Amino acid sequence: MDNLFADLDTSTDHIISFPDTLFSRNNVCEIHLSDFSFQNKDHPVFLIKDLFEEAVSNEFYDYHIIATDASKSRSFTSIAGISNLQSFVYRIHPINSIFTAEALAICQALDELSVTDKNLLLLTDSYSVLQALKCLTIKSPKVIHRLAGKIFVRKNFNQKICLVWTPGHSLIHWNEKADLLAKTVTESHPFIEWIASEDIISHFQTISLQKTNHSFQNSKYQESIGDIPTMLTLTPWLKNRREDIIIARLLTRMIITPALLHRFGLHNNPRCQICNRDNNIEHIILFCSKYSNHRSILCAKLNFDLQLCPSLKAFFQNAVSDKRHLRILLQSLKSFDIY
């Protein structure tokens with residue numbers, strides 16, 4: 001684990017964890033996702049701008065306004081916040097997702113831009129962050145728990161705290177200022193080392209998948225199986241773990257057959273008693289006369305002509321090309337005494 005975190009240029013000390021304060025989320029703050037007329041992206045941008053200014057003057061005239069935003073590019077991941085009094089821009093660890101960055105921007109704004117004894121109005125164009133905060137549970141992302149904890153602590157210093165979703169790129173000057181600020185980040189801006197555990201896991205899952213795909217491209221299976229969807233793609237089409245195992249064994253030719261059992265010394269005869277050929281998966285599905293009727297029915301359902309392309313590689317590429325074909329294959333395997 002130390003080596004993994006060293007590769008990320010971070011440490012376990014900077015992983016976002018649950019806050020120390022346990023609290024009830026009820027009545028801690030107000031979250032507005034669709035309560036105002038300006039929160040409708042179907043409106044023209046000039047109308048959204050006017051409706052926003054009207055809502056602020058009517059509903060939040062005595063609030064201290066703070067706007068936050070985040071940006072993610074090839075070079076930097078950054079967070080920014082701005083109020084009438086001051087602003088901030090920080091670089092954060094590039095592995096953090098834009099969701100994490102948007103939440104961290106609000107956390108940082110509560111720390112740096114809040115004023116005491118006034119109502120706070122926090123504006124963000126991240127609907128997903130506010131939605132996650134509004135639906136807070138024990139399973140919520142750690143950064144959302146961190147944000148909720150900061151709001152709870154800040155509640156002791158302010159009368160009211162309101163978080164309002166504002167449509168992005170709608171000429172709302174607060175949004176535009178925060179967005180521009182986040183995009184002006186450079187190497188010289190200070191760096192905050194907080195990093196979300198969920199983003200670390202996602203990062204290593206991506207790397208693991210890339211390594212797996214690279215290994216497959218350089219393996220003996222590439223030649224025999226060809227380019228097929230990954231198991232991560234196929235898994236949503238499968239109903240249970242059993243089907244997952246069956247497909248994986250089929251594609252790697254490790255499904256249990258007399259030829260495979262003989263290979264490991266678990267069967268006396270690797271040959272088909274009817275055809276006198278190696279009784280492997282290729283023979284069973286494509287050639288064995290015992291299953292000729294079932295094979296014809298299966299190929300008709302898959303719209304696959306064995307006469308034109310009599311190879312297991314071509315057969316599998318067709319059979320797992322989409323969900324319908326895959327379900328047909330799984331339902332037909334029982335007829336071949338495989339399932």
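Reply: First, the ground rules. This is a predicted model, where local features need pLDDT of at least 70, side-chain atom pairs count only at pLDDT 80 or more, and totals for chains, interfaces and linings use all residues. Residues are numbered from 1 along each chain as its sequence is written, and side-chain values use heavy atoms, with hydrogens and water left out.

Me: What is the mean pLDDT of the protein chain?

Reply: The mean is 87, and 91% of the residues reach 70 or more. pLDDT is the predictor's confidence in each residue, from 0 to 100.

Me: Where is the pLDDT below 50?

Reply: Over residues 21–25. Where pLDDT is low, the predicted coordinates should not be read in detail.

Me: Now strand β2. How many of its residues are buried?

Reply: Nine of ten, across residues 63–72. Buried means under 20% relative accessible area (1.4 Å probe, protein chains only). Strands are DSSP runs of E, at least two residues, numbered from the N terminus.

Me: Which strands do bridges join to β2?

Reply: β5 (residues 119–124) runs parallel to β2, with five bridges. β3 (residues 77–83) runs antiparallel, with seven. Two strands pair if DSSP finds at least two bridges between them.

Me: What stands opposite Ile66, and what opposite Ser71?

Reply: Leu122 in β5 faces Ile66. Ser78 in β3 faces Ser71.

Me: How many residues sit between β2 and β3 in the hairpin?

Reply: Four.

Me: Which residues does UniProt list for the RNase H type-1 domain?

Reply: Residues 60–187, from an unreviewed entry. Such annotations may be inferred rather than shown by experiment. In the model, that span is 37% helix and 27% strand. Helices here are DSSP runs of H or I, at least four residues.

How values were computed
Contact = heavy atoms within 4.5 Å. Buried < 20%, exposed > 50% of the residue type's maximum accessible area, 1.4 Å probe, protein only.
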